[in-house]
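Keep the sequence and the 3D view at hand.

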Amino acid sequence: YAFWSGGAFVYVPRNVEVQLPLQSMTWGDRSGLAVMPHTLVVLEEGSSLLFVDELASTQAEGPTLSNGVIELSMAPASRLQYVSLQRWGRSTYHFATQRAAVGRDVAFKSVSVVLGSRVTKSWIGSILSGPGANVVMSGSMFADGNQRFHHHTLQDHRAPSTTSDLLFKTALADHARSEYSGLIRVHKDAQKVDAYQANRNLSLSEYARADSMPKLEIEANDVRCTHGATVGPIDSEQLFYLMSRGLPRRSAERMIVQGFLEPVIDKIPLEAVRERVREVVDAKLEER
């Protein structure tokens with residue numbers, strides 16, 4: 001709050017359905033900046049909204065700092081789709097905290113896409129505080145060069161009969177690194193919880209590295225909670241199949257990476273944003 005430097009505030013009154021998607025853009029046009037954007041979205045009971053939050057900048061030479069906060073508050077029976085698209089230049093150090101307060105019978109879907117920055121460190125959490133709350137959290141990242149991406153996620157089930165589903169996918173090339181730490185927490189009285197967490201990592205280089213730490217913290221005794229993580233190179237059989245059909249190796253690798261990330265990209269509800277993400281991914285693959 002002390003260094004707040006812009007952002008967006010969206011308030012949707014009771015039972016109002018916003019028909020058109022809303023979009024906020026934070027743009028950096030030079031190096032040496034310290035950007036502190038704050039996004040606050042408040043939905044009253046029975047309302048709905050699609051909101052796209054984008055961060056981007058030029059490829060400036062000097063270092064830049066981004067330190068953002070996203071607060072999402074949803075009253076009972078509201079519906080929110082939130083998309084975060086990060087395309088900072090490669091000299092930016094990006095920190096972000098996203099916290100969603102999910103009430104009774106709320107449907108919340110979030111998609112986090114990370115493509116830019118030198119270093120990204122994000123905390124993304126959803127607090128399910130009312131029965132019937134449903135959360136779907138998705139993430140898609142492509143790190144190359146010496147980029148380093150850290151993500152900490154939280155699915156915090158505080159009420160019974162709540163559900164959450166998380167899928168984060170990261171592709172890594174060159175000397176890039178990624179660290180993922182995810183926690184499903186189920187409180188003592190939160191019975192009948194159904195939660196799933198998955199982190200998938202695809203390595204395109206022997207020098208790239210992905211670390212994954214999915215975790216469970218369960219105090220209730222009538223729940224279904226599962227988690228999983230995978231880290232591995234491109235499937236040699238897939239690569240052989242595509243090359244046997246006449247594709248050069250680089251084109252075959254590109255197709256596999258695109259197919260790996262597409263299940264998350266496809267969850268972005270706006271075609272224009274999906275195409276923007278695909279263009280950046282294609283450009284990164286072309287640079288290799």
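For sorting residues by class, Ala, Val, Leu, Ile, Met, Phe, Trp, Tyr, Cys and Pro count as nonpolar, Asp, Glu, Lys and Arg as charged, and the others, Gly among them, as polar. The model is predicted. With those classes, the lining of the largest pocket divides into 6 nonpolar, 4 polar and 4 charged residues.

Start with that pocket. Its volume is about 240 Å³. The lining is made of 14 residues, and the closest to the pocket centre are Gln59, Trp88, Leu115, Val280 and Lys284. Which elements each supply at least two residues of this lining? They are β5 and α3, the latter spanning 271-287. Helix α3 gives the largest share, with 4 residues.

The charged end of Lys169 sits over Phe260, 4.4 Å from the centre of the ring.

The structure holds 4 cavities of 30 Å³ or more. The largest cavity has a volume of about 220 Å³. Its lining counts 26 residues, and Leu55, Ile70, Ser84, His94 and Ala96 are the closest to its centre. By class, this lining has 11 nonpolar, 14 polar and 1 charged residue.

Next come the aromatic rings. A pair of aromatic rings is described by the distance of the centres and the angle of the planes. There are 2 aromatic pairs here. Phe51 and Tyr82 form a stacked pair, 6.1 Å centre to centre with 20 degrees between the planes.

Phe168 belongs to strand β13 (residues 163-172) and Tyr180 to strand β14 (residues 177-186), so the pair ties together parts that are 12 residues apart in sequence. Both Phe168 and Tyr180 are buried.

Thr39 is found in strand β4 (residues 38-43). Is Thr39 buried or exposed? At 4% relative accessibility, Thr39 counts as buried. Beyond its neighbours within four places in sequence, Thr39 is in contact with Ala8, Phe51, Asp53, Val69, Ile70 and Glu71. One of these, Phe51, is a member of the stacked pair. Another, Ile70, is among the residues closest to the centre of the largest cavity.

Most residues other than glycine have a negative phi, and most peptide bonds are trans. Ser117 has a positive phi of about 85 degrees. Its place is the loop between β9 (107-114) and β10 (119-128). Ser117 is buried, with a relative accessible area of 0%. Ser161 also has a positive phi, near 55 degrees. This serine sits in the loop between β12 (148-157) and β13. Ser161 is partly exposed, at 40% relative accessible area.

Finish with two partly exposed residues. Glu17 lies in the loop between β1 (7-12) and β2 (22-28). At 43% relative accessibility, Glu17 counts as partly exposed. Which residues does Glu17 touch, not counting those up to four places away in sequence? They are Ser48 and Arg79. Glu17 and Ser78 are 61 residues apart in sequence, yet 9.3 Å apart in space, C-alpha to C-alpha.

Tyr241 is found in helix α1 (residues 236-244). It is partly exposed, at 47% relative accessibility. Its C-alpha atom is separated by 9.0 Å from that of Ala252, 11 residues apart along the chain.

Note on methods
Residues are numbered from 1 along each chain as its sequence is written. This is a predicted model: local features need pLDDT of at least 70, side-chain atom pairs count only at pLDDT 80 or more; totals for chains, interfaces and linings use all residues. Side-chain values use heavy atoms; hydrogens and water are left out. Rings of Phe, Tyr and Trp (its six-membered ring) pair if their centres lie within 6.5 Å; planes under 30 degrees apart count as stacked, over 60 as edge-to-face and the rest as tilted. Buried means under 20% relative accessible area, exposed over 50%, partly exposed in between (1.4 Å probe, protein chains only). A charge sits over a ring if NZ of Lys or CZ of Arg is within 6 Å of the ring centre and within 35 degrees of the ring normal. On a 1 Å grid over the protein atoms alone, a cavity is a set of points where a 1.4 Å probe fits but cannot get out, and a pocket is an open set with protein on both sides within 12 Å along at least five of seven lines; lining residues have an atom within 4 Å of a point. Grid points are joined across faces, edges and corners, and a volume is the space filled by probe spheres set on the points. Contact means heavy atoms within 4.5 Å.
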